[in-house]
Amino acid sequence: MFSNESVDLPILKQRAFNLRWASVEEGVIPLTAADPDFPVAAPIQDAILKFTKEGYFSYGNPLGYAPLKEALANSYKRRKNVSLNPAYILPVDSAAYGIYLICKTFLRKEDEAIIFDPVDFLFKHSIEAVGATAVTFPIPVNTPKVDFGKLEELVSPKTRMICLCNPLNPTGKVFTREELEELGRIAVKHNLLILSDEIWSDIIFKPTVFTSIASLDESIQRQTLLVTGFSKSYGLAGLRIGAVMATNPSHFEKLLENSRHQSTIHGANILGQVAATAALNECDDWLDNFLIHLQRMRDLTVSELNKIPGISCESPEGCYLAFADIRKTGLDSSAMHEKILHEAKVAIVPGLAQWFGAGANGYIRISFATSESILTQAMERIQNVLIK
């Protein structure tokens, strides 16, 4: 399922945008956007075909496709020990929209929300889009244990929310139960919402164990709003499907009102919801094998990067992303990106503030969700340029 032969480059070069195969010049290998190079699992394809052959594409339920809501609740209970009521799960058109929807619903102008640094730009973007202010809490790369007591120093009368990205994109850190308990304690003490982005929560490398903050105690769960999606684990980015999961009815009603689903201005793609249902109900074996492949690709990537003088890369605990420290090479993130792109013909993501915050300066991010053959070729190209 994850061999080089299973990667259809002609199709990817037509369809895979967002910095990937269809966005780069011919001959460039993109290790950029976190989107797998492999086709989706057969049960997902079959579910879409079956639904399509029936010939109806009517408006879906604004509350979401009931089988998907049930599948998400069952999956979270089975895989993450979180009890969710399907009635309070809202399928949305992406995890990115889910983050924005939560910010739109619960933040007002002059409010503050705490985000990590480095972290994916969507948190800051969503907070600022609704007129609020993002306050950054640094978590330097390779921090073994986060002292969330220092985060509490950032809490002000304007603070309304803490944004948790677990696992943490781009560093691949997976927060421990003890760290999450401390974060939850602060949220409960100050009556702060927790926006927990868990889109990467199925991409966890052994022996690391993922803990959802919503699985802790009831007081923390009441403060938590979960966001997930299906692009990382199942390759469904183009179907634009994610979900926001509330743990109490008042939060859900506010989210539904602000979603504009009931007015048909917004709404989750019904084919995306069908595909996501099949992913959750029928693709555990596929996902398990994907993780075995990814762990091998992680080890290959980290090993090859660490052979390059001036580059240091620790193994990520989660996410199929390597976040490499290039500061000793004498090049900044932007210059390294340009050098690798133009001389090695490999596209990577530079650690620029616009993507990840100031804490990403001096790093590059590499996605390894591809075949061993493609990844090996890309690593050889990078080494040939940088080692010489």
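Predicted model: local features only at pLDDT ≥ 70, side-chain atom pairs only at ≥ 80, totals over all residues.
**Sheet, pocket and cavities**

Biologist: Which residue of β7 is the bridge partner of S196?
Modeller: Strand β6 (residues 193-197) pairs with strand β7 (residues 224-229) in the parallel sense, over four bridges. The partner of S196 in β7 is L226.

Biologist: How much space lies in the largest pocket?
Modeller: On a 1 Å grid over the protein atoms alone, a cavity is a set of points where a 1.4 Å probe fits but cannot get out; a pocket is an open set with protein on both sides within 12 Å along at least five of seven lines, and lining residues have an atom within 4 Å of a point. Points are joined across faces, edges and corners, and the volume is the space filled by probe spheres set on them. The largest pocket has 50 lining residues, with D35, S231, L236, A237 and G238 nearest its centre. Its space is about 1,500 Å³.

Biologist: Which element gives the most to the lining of the largest pocket?
Modeller: By class, this lining has 31 nonpolar (Ala, Val, Leu, Ile, Met, Phe, Trp, Tyr, Cys, Pro), ten charged (Asp, Glu, Lys, Arg) and nine polar residues (the others, Gly among them). Elements supplying at least two residues include α1 (9-15), α2 (42-53) and α4 (95-106). The most, four residues, comes from α2.

Biologist: Which element has the largest share of the lining of the largest cavity?
Modeller: The whole structure holds two cavities of 30 Å³ or more, and the largest has about 80 Å³ of space. Y76, K80, D202, T228 and L280 lie nearest its centre, among 14 lining residues. Two or more of the lining residues come from each of α3 (66-80), β7 and α9. The largest share, four residues, belongs to α3.

Biologist: How far from C313 is the nearest cysteine sulfur?
Modeller: A disulfide is a pair of cysteine sulfur atoms within 2.5 Å, and by this rule the count is zero. C313 is thus in no disulfide, and the nearest cysteine sulfur, that of C319, lies at 13 Å.

Biologist: Is N18 buried or exposed?
Modeller: N18 sits in the loop between α1 and β1 (29-30), and its phi is positive, near 60°. Buried means under 20% relative accessible area (1.4 Å probe, protein chains only), exposed over 50%, and partly exposed in between. Because its relative accessible area is 58%, N18 is exposed.

Biologist: What is omega for the cis bond between K206 and P207?
Modeller: Most peptide bonds are trans. P207 lies in the loop between β6 and α8 (218-222). The bond from K206 to P207 is cis, with omega near 5°.

Note on methods: Residues numbered from 1 in each chain as written. Heavy atoms only, no water. Pairing = 2+ DSSP bridges.
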